[in-house]
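This report describes the overall build of one protein and then a part of its surface. The structure is shown first.

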Amino acid sequence: MPSSAGVALAQEPVVRPELTADVFVVLGVVVLALVFFLTEWLPIDVTAISLIVVLVVLEPWTGIDPSTGISGFANDATITVLAMLILSGGIAKTGLVQELGRRMASFAGDSVRKQLFATVLATSPVSGFLNNTPVVALLVPVVTDVANRGHTSPSKLLIPLSYASQVGGMLTLVGTSTNLLASDISGRLGSEYPELHRFSMFEFTQLGVIVVVVGALYLIFVGHSLLPERVPPRADYVETYDVGDYIAEIAIGPGSPLGGETVGDATTILGDGVDVVQVVRDGDRSVAPQQVVRLEDGDVLVVRTGRDAVEMLENSGAVELVGDPRSTEELAPADSESVLTELVVSLDSRLVGERLDPERFRVEFGAAVLGLRHRGTLIGGRLVGHRLDVGDTLLVQAAPDTLDRLSRRDDVIVAREPPRREYRANKAPIAVAIMIGVVAVAALELYPILVSALMGVVAMVVTGVLDPNELYDAVEWDVIFLLAGVIPLGIALEQSGAAAYLAFLVVSTAGFLPTIVVLWLFYIVTGLITELISNNASVVLMIPVAAAAAAGIDANPLAFVFAVTFAASTAFLGPIGYQTNLFVYGPGGYRFTDYFRIGAPLQVLLSIVTVLGIALFWGV
């Protein structure tokens, strides 16, 4: 094989693959998939299932029969990811990750660098063995509280939390679903390219350690200075969400039509744009009151609505404006049994794609919605009807026990730690022992990772770390459906010759470049594609092309596969490419440009470090 200084022009001329109707059709399906992934016209899991349907319907050109179309559901990578998500859920139930985060942060004080060091050290190693998505979900409230206790803006720590989890995921095979999928594709291509095979547990750990160290040094000493303080320490939520103009206290006076009616009746009388957040009676506050609560003369209602609506109600004589809360202390006094906090819509939440209905939310979740941040933008005025998406952040008011219950659900991430959350701490040693066993069995190659992970799932249930009904809640089903949908797309790319044709185009246009530069270009292109679609989809699209391109210039296909894998698992340029970036979007008060500001230098730095590391360890 040529060295990195060798050029493709020194190789034999590359034979141009035939551009058949099959290639045209499959590339058309790829373009269609990219459009839907990018625009999110349909939820990602629905798009994935639609891919299966399209590929099977076009079988004469795609070569995907019904059995191959659904093969993604029985694929090793899909089942392994499912099992690893359950194992991560078992660890979460013990509170181990949160406790680790608190202990690592206990020495941080008010030093931003110490807080960043604690964040990175608590996140990266754990993300190498647990799926990094639930790790970030668990640590968002921990890191937010660390920032507030140390008088630091949470904006300084939350993007570094997400980025640290991503680089940590490259420490082992099981760190991310992307690694497992890349391993499966590499194994499938092994019949065509002898250098390719399924990855072992620690096959790229040496490079992963370098990436983690370089990424950590950047985040601690450089990155935080590039992040603005979007959310001030111990921010007043009412001010941060700018909801003061939409909240008012109205009293039910003698002769008011609301006297003797229920909260549900009051909502009907006041109008659809008015949501009753609290009922205050004799100093006692009932937060997120049920529709059947009966109102009395003298009650004070805290409502969320527009200022014009309040004035109209006051002029009608039905109510009297008696208060104008402008701070968290006024809305949720320290002596009241209510808490103001943020809820982040999680990846597999039932809320994704639903239109916000504050009344229905109050009934189902027991919390009153006061504000909404969508993709970093505050939504003013009426909240009813806004379609919710992953990463959207809701400002809510609820009782502490309600937040404790919500923190145990998979629909939302509570951005501040509930004061009375309970974990199965006594099961922590058992859960750790099971995870060590899963990794050890796979690393020693006693059984494949698929089998060892499923053995771990069984052990989690038998030992009581997880209840049987919690298995389903631990799985991010949209990720599973995404994997099942894109796997047959990858097969179609390979079998139709579309991957070989794309590889020919790459080799033709980059044929005058040194091999190591072509390798770097694949890293960069994969990173950019990941920002537009999902990391798993980018791996499926790019690995067959990268392997074919490597063969076309007589390079090492394994080196190119590793470059694509690392690039797809480290998406730093925006909030869309990686789900952990979405989780910190709302709580950090970020704007889209904040990710690029800190992420672009890191992306370039790691692209150079990763490509040089691949050349050093595996050759090109």
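## Overall build

Of the 620 residues in the protein, 58% are buried, meaning that their relative accessible area is under 20%, whereas exposed stands for over 50% and partly exposed for values in between (1.4 Å probe, protein chains only). The model is predicted: local features need pLDDT of at least 70, side-chain atom pairs count only at pLDDT 80 or more, and totals for chains, interfaces and linings use all residues. Residues are numbered from 1 along each chain as its sequence is written, and side-chain values use heavy atoms, without hydrogens and water.

The protein contains 27 helices and 10 strands, which are DSSP runs numbered from the N terminus (helices: H or I, at least four residues; strands: E, at least two). Its radius of gyration is 27 Å, close to the 25 Å that the globule rule gives for 620 residues, so the protein is as compact as a globular protein of that length. This radius is taken over C-alpha atoms, and the rule is 2.2 Å times the number of residues to the power 0.38.

## The nonpolar patch

On the surface, Ile49, Val53, Val57, Ile70, Phe73, Tyr472, Trp477 and Phe481 form a nonpolar patch with about 760 Å² of accessible area together. Helix 2 (44–57) and helix 21 (477–496) are the elements that give two or more residues to this patch; helix 2 supplies the largest share, 3 residues.

Such patches consist of residues with over 30% relative accessible area and no salt bridge; like charges are joined within 9 Å and nonpolar side chains (Val, Leu, Ile, Met, Phe, Trp, Tyr) within 5 Å. A salt bridge is a side-chain nitrogen of Lys or Arg within 4 Å of a carboxyl oxygen of Asp or Glu. Accessible areas come from the Shrake-Rupley method with a 1.4 Å probe, and for residues only the protein chains shown count as cover.

Tyr472 lies in helix 20 (residues 470–473). Tyr472 is exposed, with a relative accessible area of 58%.
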